[in-house]
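Visitor: I'd like a quick walk through this one. Can you put it up on screen?

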Amino acid sequence: MPPTTEQRVLTVGVVRETAPRERRVALDPEVTTRLVASGHLVLVEQGAGEAASLPDAAYRIAGASVVSRADVVATCDVLAVVRPPDAALVASLRAGQLLNLPAALEAYLYDAQTGQQINLR
């Protein structure tokens, strides 16, 4: 369903995880399809799902744009990550961007600059 005038369209970004032996990706193509169907934009870093056997083509079919890491970080409103970001990623975030960590998926987001929890309920 397209967003209403009261519903803000979010750009959700997904980057490739960089922690050693980390094979997970924050969003799979099924969740991507649901976000896009709800009217949101999804940007996925090239190769973000490779370690989880989720090719870029699957994300494109789901409606995501597959772009560079720099484009994901520069453009997204919400950055979905599996693990807390490393110092380089934190340094590249801008004020107002939000991080969505797995423990927060139910109803919470975290402000990337302040580290404060934002309740979405």
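Guide: Start with R8. Not counting residues up to four places away in sequence, R8 touches H40 and D77. Touching here means a contact, with heavy atoms within 4.5 Å.

Visitor: Where does R8 sit, and is it buried or exposed?

Guide: R8 lies in the segment before β1. At 54% relative accessibility, R8 counts as exposed. The cut-offs are under 20% relative accessible area for buried, over 50% for exposed, and partly exposed in between, with a 1.4 Å probe and protein chains only.

Visitor: How far apart are the C-alpha atoms of R8 and G39?

Guide: They are separated by 9.0 Å, and the two residues are 31 apart along the chain. G39 follows α1 and has a positive phi, near 95°.

Visitor: Before I go on, what kind of model is this?

Guide: This is a predicted model: local features need pLDDT of at least 70, side-chain atom pairs count only at pLDDT 80 or more, and totals for chains, interfaces and linings use all residues. Residues are numbered from 1 along each chain as its sequence is written, and side-chain values use heavy atoms, with hydrogens and water left out.

Visitor: Fine. How many helices and strands?

Guide: Four helices and seven strands. Along the sequence the pattern reads β-α-β-α-β-α-β-α-β-β-β. Both are DSSP runs numbered from the N terminus: helices are H or I with at least four residues, strands are E with at least two.

Visitor: What caps the N-terminal end of α1?

Guide: D28 does. A side-chain oxygen of D28 lies 3.1 Å from the backbone nitrogen of E30, and the helix covers residues 29-37. That is a polar contact, a pair of N or O atoms within 3.5 Å; within protein, one must be able to donate a hydrogen and the other to accept it, and residues adjacent in sequence count only if both atoms are side-chain atoms.

Visitor: Switching to charges. How many salt bridges?

Guide: Five. The rule is a side-chain nitrogen of Lys or Arg within 4 Å of a carboxyl oxygen of Asp or Glu.

Visitor: Which residues are linked in a network?

Guide: R16, E45 and R69. R16 and E45 meet in a salt bridge at 3.2 Å, N to O. R16 lies in the loop between β1 (11-14) and α1, and E45 in strand β2 (residues 41-45), so the pair ties together parts that are 29 residues apart in sequence.

Visitor: And R69?

Guide: R69 forms a salt bridge with E45, with the closest N and O atoms 2.8 Å apart. R69 lies in helix α3 (residues 69-75) and E45 in strand β2, so this pair joins parts 24 residues apart in sequence.

Visitor: Is E45 buried or exposed?

Guide: E45 counts as buried, at 5% relative accessibility. R16 is partly exposed at 39%, and R69 is partly exposed at 25%.

Visitor: What does E22 pair with?

Guide: R83. Their side chains meet in a salt bridge at 2.7 Å, N to O. E22 is in the loop between β1 and α1, R83 in the loop between β4 (78-80) and α4 (87-92), 61 residues apart. E22 counts as buried at 10% relative accessibility, while R83 is partly exposed at 37%.

Visitor: Last one. How much of the protein is buried?

Guide: Buried residues make up 39% of the 121 residues. Of the contacts with a separation of 6 or more, 50% involve residues 24 or more positions apart.
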